[in-house]
Amino acid sequence: MFENTTIYNQLRAKLMDNNITDRMEKVPYRNLPKKWSFIALVLVLTLSFSQSTFASTSFLPTQAADTVAGEKLFKANCAACHKLGKKATGPALRGVGDKYDREWLYKWIRNSQELVKAGDALAVKLFNENNQAVMTAFPTLTNDDIDNILAYTYTAPPKPVIPEGDGQVTPDPGVSNNIILAILALMFGMLIIVLILVNKTLRRFAESQGVELKEKEKGTPIWKAFAENQFLVLVTSIFLLLSAGYFAYGWMMQVGVDQGYAPVQPIHYSHRIHAGVNQIDCNYCHSSARKSKTSGIPSLNVCMNCHKSIAEVAAATQVEGQNEYGVDYNAEIQKLYAAVGWDEATQAYTGEEKPVKWVRIHNLPDFAYFNHSQHVTVAGVECQTCHGPVEEMEILEQHAPLTMGWCINCHRETNVNVADNEYYEKIHAELSKKYGKEKLTAAEMGGLECGKCHY
Amino acid sequence: MASNKKYWKSVEELNENSSIVETLKQNEFVEPIPTDDFLGDKETLEASSTTRRDFLKYVGFTTAAASLAACEGPVIKSIPYVVAPDEIVPGVANYYASTIADGFDFANVLVKTREGRPIKIERNDMAKHGGSVNARVHASVLSMYDKNRLQGPKVNGEDASWDELHTAVAGKLNATAGQDVVLLTQTFASPSTSQLIADFKTKYPNIRHVIYDTVSSSAAADAFQTKYGTRALADYDFSKAEVIVSVGADFIGDWQGGGYEGAYAKGRIPKNGKMSKHFQFEANMTLSGANADVRVPVKPSDQIAVLNALLGGGTSGLADNVAEAVNKAKAQLAKAGSKGVIITGVEDARLQEAVLTYNESREVIDKDRPRMTAMGSASEVANVMNGVVSGSVKGLITVGVNPVYSFPHTEFAAAYENLDFTLAFAMKEDETASKAKLVAATPHYLESWGDAQLKKGVFSLTQPTIRPLFNTQQFQDCLVQWTENGDSYYNYLKDMWSATILADGGSWSQALHDGVYESAVEITTDADTAETTETSTSSGALSAAQEGGFELTLYTKTGLGDGQQANNPWLQELPDPITRTSWDNYVTVSAADAKELGLENWNVANGGLNGSLVNVTMGGVTLEKVPVLIQPGQAAGSIGLALGYGRTDSVQSEMQTGVNAYAFYNNFSATQAGVTIEKVSGEHEFACVQLHNTMMGRDIIRETTLEIFNTKDVHDWNPIPEVSKDHQEIPVTSPDADLWEAFDRSIGHHFNLSIDLNACTGCGACVIACHAENNVPVVGKSEMRRSRDMHWLRIDRYYSSEDSFAGDAEKKDNISGLGSSLSEYGEMESASANPQVAFQPVMCQHCNHAPCETVCPVAATSHGRQGQNHMAYNRCVGTRYCANNCPYKVRRFNWFLYAENDEFDYNMNNDLGRMVLNPDVVVRSRGVMEKCSMCIQMTQKTILDAKRDGRPVKSGEFKTACSAACETGAIKFGDINDHDSEIFELKEDKRMYHLLEAVGTEPNVFYQTKVRNTNEA
């Protein structure tokens, strides 16, 4: 047992080294293509470390108890406050079985407050060390359950951030493609040079042999012929003017339309992970979308609802972030902590807040009034209708053009959701009678009137 | 006379052999100036890699690059809360009940906040006796965002910390122990403050607390005190009155704190054939006079005789017309019995007491629960003023008052500066604070805690609606600290309320939520701690009336009031309801006196009104170059002048308007005698927004008499105009007279606005509410003068050119022939000497057949199905065709960019002032037309709230800013497709008519015919 712990500590030290290198090599997503080779180097380096770590995992403690069942219990009961490798609300639990007497632990876990009140010296000490945070009592856990959990706490720390085996290979095809292309280009170039040289040599050869080369008869150059044909000139200029007008119009119509606008944000926040992978409801964070005109950028205390206990992403996610997007998610979480003033070590707020200056993506002009709650709550429009597949966006971008034409089209096509809404009862009955149909579009309800959005 | 003196430029010259002196003789500079070093010689210049051409290339490139870079859209940052407060949802307004008690205005209010900033003041419907939310109270929110406010305490003119200030104050308090130190405060009407001041006085027994109401109601309070023992002001409920006789009391204006218009208006709407009858005897033309059924211009000195006559004396000595009116009033009062009431503004405690005795048994007066809002004693304040000047007062602490500006004593300012201990609690570095040794910066009431007893037994709370913008401390917080009464005023207030006012089981949270709490607990405010001397029984001003000269009546304007909000551009720009002139005060004189003195008003080429200037002198004090405005209805031999103007310190230069009339406020009495005016050369440019004062018999304001209203058929007094079709007269509302295809408006909402001309007193609260709700810009005096005012809602005021409007119509009807029409129409252009007055709020009429819509070349203005005439600013190209085609002249054009423009340095030009903007309404740009939208943002919100809750809109839920602000209920708004609603009833009312109905515009705004009670006996 003891040996194992020392090994574990060594492992940890190594791991931390690894993490540091990762952080140093953090590559902004935007510059990703330029830095392929650099990444490759990093990957090679990390791999070499990871191999050594891999070798050492064979020293894991073997337990009679069921670590799988333990893991399940741990995640259900303990994970909200405890982590294995580091302090959270409660202390780190890895190897906790060695620190305390097993019987004492049973008592503590089933009802720690009882122990504290009984004046158990160790219990009081522990209670005070952890800011007197009262641990939930788990009277239902059997001794076996607790053994299982403790067994689980001996499992090895998660694998360090290692790229998968193909990590090493990934950059290769890119390089080889380039080389092939370069070689092809080179070959073509040489071919052309050879042809020119052959041509030159042949001419010289013919000259020396006295062979007369036929010169082509000079006709009217094509441009002159074109210029002389007034009809053609007229047609062409009309064509040019029209197409110039067409393109100028097209260009001008996109002025101020920022479809696809995806600015770099001060914290790399991935909607893909939150809304996509973890399937968090949009309204959980953007809660005011249901009752206000703005959807609201969530305040940081909303982030902390979850991130108080999620200080690090899963290892696989971290790898994915670094490989696919060149982002160190854990470092981004640290940015959140810095902004909200959360001290991980003491698990407390320091009060030093640095509000995050997000870059606003959807910018409606001031003269257009838009109300989220009307669309989200009343009409029941999915967020994705206007915002696109947010759950797939690593960096959020403006999906819709947000032009008036786009709004109007939707109002023309979308039927008003009148079901179970007493407000619409009378007006719907009267309007359906007037238009002679059951379903009414927003436009028929008056949704195209200027004053509905412009005041 | 040559002098032998030798002038030395330096010691060096004493030394005859100095080389420097020699060198200097030859050369101006001792050493050669290294011009080549910094300019470079020819060689280095040529060798340099940057040639002139290169330089030009660089300049060209950078300019091009800069302009290219500017093509990029701006990056907009959004900064959410780090920890969001629970109660704030961005984009949703929160409302807090609070109370304003600034010493002049006392009212229960509701404060609308958005994202933590107060943006609008509204009426608190839960407060039944809450004073009046008038124009000034509505505008008070902007006074908080005043960039000229004090940002922190000052000691001897230097910025200091609060600790330093408290130390300095403690030092001074101890140093002046035993000497006469006066605590001169506004009326707080605050139970907790009174208690704190009592504690303060216990700790420093030498301190005298004196209450100073800048505009005094001292005589009335004295009378009440003599008669009933407590110092207070009698309260009146004019809705119960059948006959109201007012002698010099502008009770619809600011008489005794104002706030009577709501109840008054209730009695003015004819119900079951009855309405109240209102006689007004007054010198200036006031709002009360304008609303009266019978108005008699009477000089202040004659008002005493009128009052005596009314109270049982004879009418001898009065002019015939006055005597006649007095007799009629007496007869009507006798008939009305307990439903008649006399009120007076005569500044004489004896007469006030006589009036109280007269009213005692009547239903209208509420003497058991009087008002506690103006407790100051004029004689006591005069003692302080004279004490400071004579030097007997050694220290002066002022709270919420500005005596250097408002004391009528020429030597006071200098004496104040010489005082050793002067401490001013002030929101701004005003005339007093700028001269005080110690200045404590106080927060605005929207940033403060507080309580008030506006009426006996009716308690209200003030709560902060924003964190203090500056480093300020409340007077009460300082008192808590000085008297060691706990850690904060908030705790003190809460404890005190729990122990006393809420002792009958009330809940603090509920009281705070409602803003008002009625309790049977007896608490006296102010009076306990304030010194009161023997009440004065004579009136100095009026006995001096024999001296000759003019009699002056000082009054407060609807806009500026006592002048503490002088730096508020909304109020400066609010046209006076009577004179329709903004940005000024002026001497009002009668036409007869003006003619005698050669004073004139005339319009110049751009329409602006100009007037003569006079020097006004009284008792050795002269105000120079005061503009003159000829006021129809002004009693001959009397003049009027508004208080509250002429502020200079911490008031932006644009808003340093008018003259300081407090110089004439002797004995703190509004009426003064022995005033002489003398014409001086020069002319004054007014910013008057109404160029034409009479209707000339036209059908704009429809009015009738109660008798006709009761007896005649509606077609006689409220006919529908007719047009000729196929030589048949048909009503203009008939579909046959219609050129247009009408929209189907029977489905959904159809908004209408009703304006009752009987209830509208012209108070202007709606104008300011509209300003605040719709981000209406302030344009400044010179633009106002050019008739480029931006008010979406104006209140037109018309004078009759005959004795009554009915006379006008008759005269017009009798005109025949060209000669007669030329001369008689000409006569009708000028108002009569004592005209009838009528007010008419006019905003966009939201015509169903809108003339503006058809002429817009870009379809920027269009019609909504809900009856609103929409205006899409972003579509407007500024042709102004619409404004020209509008028969009501309600469209306003943005001649300039009024926001973020140094030329218009008002609230929209600084970050602080812009915080008051309503985020739901766009700020319009230069070159676009704008107008009343019928508060479409509010109707849309009401609809959305209902949709979200899944319920129909409740009756009476729809509101506009003006209808919500209307204290008298003159403006009502609603959905006429909802047949249960009040607006539907009003639309069907027989008094209903449309403005210029003959034009056929079918407006969605309608008016209720004005009915005047001309019943005699």
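Two strands pair if DSSP finds at least two bridges between them. Helices (H or I, at least four residues) and strands (E, at least two) are themselves DSSP runs, numbered from the N terminus. The model is predicted: local features need pLDDT of at least 70, side-chain atom pairs count only at pLDDT 80 or more, and totals for chains, interfaces and linings use all residues. Residues are numbered from 1 along each chain as its sequence is written, while chains are lettered from A and ligands numbered from 1 in the order in which they are written.

A hairpin in chain B illustrates the pairing. Strand β3 (residues 106-114) of chain B and β4(B) run antiparallel and are joined by 6 bridges. B:Lys112 has B:Lys120 in β4(B) as its bridge partner. The hairpin of β3(B) and β4(B) has 2 residues between the strands, and B:Glu115 takes a positive phi near 45° there. Burial was assigned from C-beta atoms placed from the backbone: a residue is buried if 20 or more other C-beta atoms lie within 10 Å of its own, exposed if 12 or fewer, and partly exposed in between. In strand β4 (residues 117-123) of chain B, 6 of the 7 residues are buried, so this strand is largely enclosed by the rest of the structure.

Chain B also holds an open sheet of 4 strands. The strand order is β40-β33-β42-β41, with mixed pairing. Strands β40 (971-975) and β41 (992-993) of chain B stand at the edges, each with a single partner strand, so one side of each is left without a neighbour in the sheet. Strand β33 (residues 751-756) of chain B pairs with β40(B) in the antiparallel sense over 5 bridges. B:Leu753 stands opposite B:Phe973 in β40(B).

Nonpolar cores were then identified. A nonpolar core is a set of buried Ala, Val, Leu, Ile, Met, Phe, Trp, Tyr and Cys residues joined through C-beta atoms within 7 Å. The largest such core has 275 residues. Those with the most contacts inside this core are B:Val306, B:Val587, B:Ala661, B:Cys766 and B:Ala769. Helix α25 (residues 765-774) of chain B gives the largest share of the core, 7 residues. A second, separate core of 10 residues includes A:Cys78, A:Trp108, A:Ile109 and A:Ile149. Two residues are in contact if their C-beta atoms, placed from the backbone, lie within 7 Å. Leaving aside neighbours within four places in sequence, B:Ala769 is in contact with B:His138, B:Ala961, B:Cys962, B:Ala964 and B:Ala965.

Domain bounds come from an automatic or database domain assignment. For chain B the assignment gives domain 1 (1-55), domain 2 (233-371), domain 3 (540-688) and domain 4 (703-732 + 750-1012). The C-alpha centres of domain 2 and domain 4 of chain B lie 32 Å apart. Between these domains, 15 residues of domain 2 are in contact with 17 residues of domain 4. On the domain 2 side, α9 (261-268), α10 (287-291) and β12 (294-297) of chain B each supply at least two residues. The largest share of that side, 4 residues, comes from α9(B).

Chain A comprises 21 helices and 3 strands. Of its 455 residues, 18% are buried. Confidence was read from pLDDT, the predictor's confidence in each residue, from 0 to 100. Chain A averages a pLDDT of 80, and 82% of the residues score at least 70. Within chain A, confidence is lowest in helix α1 (residues 2-24), at a mean of 42, and highest in strand β3 (residues 358-359), at 94. Over residues 1-34 of chain A the pLDDT is below 50, although this stretch has 38 contacts in the model beyond near neighbours in sequence. Where pLDDT is low, the predicted coordinates should not be read in detail.

The two chains meet across an interface. Here 45 residues of chain A are in contact with 37 residues of chain B. On the side of chain A that touches chain B, α14 (300-307), α16 (329-340), β3, α17 (372-378) and α20 (422-435) each supply at least two residues. The largest share of this side, 7 residues, comes from α20(A). Strand pairing also crosses between the chains: 2 bridges join β3(A) to strand β1 (residues 77-78) of chain B, and these strands run antiparallel. A:Trp358 stands opposite B:Ser78 in β1(B).
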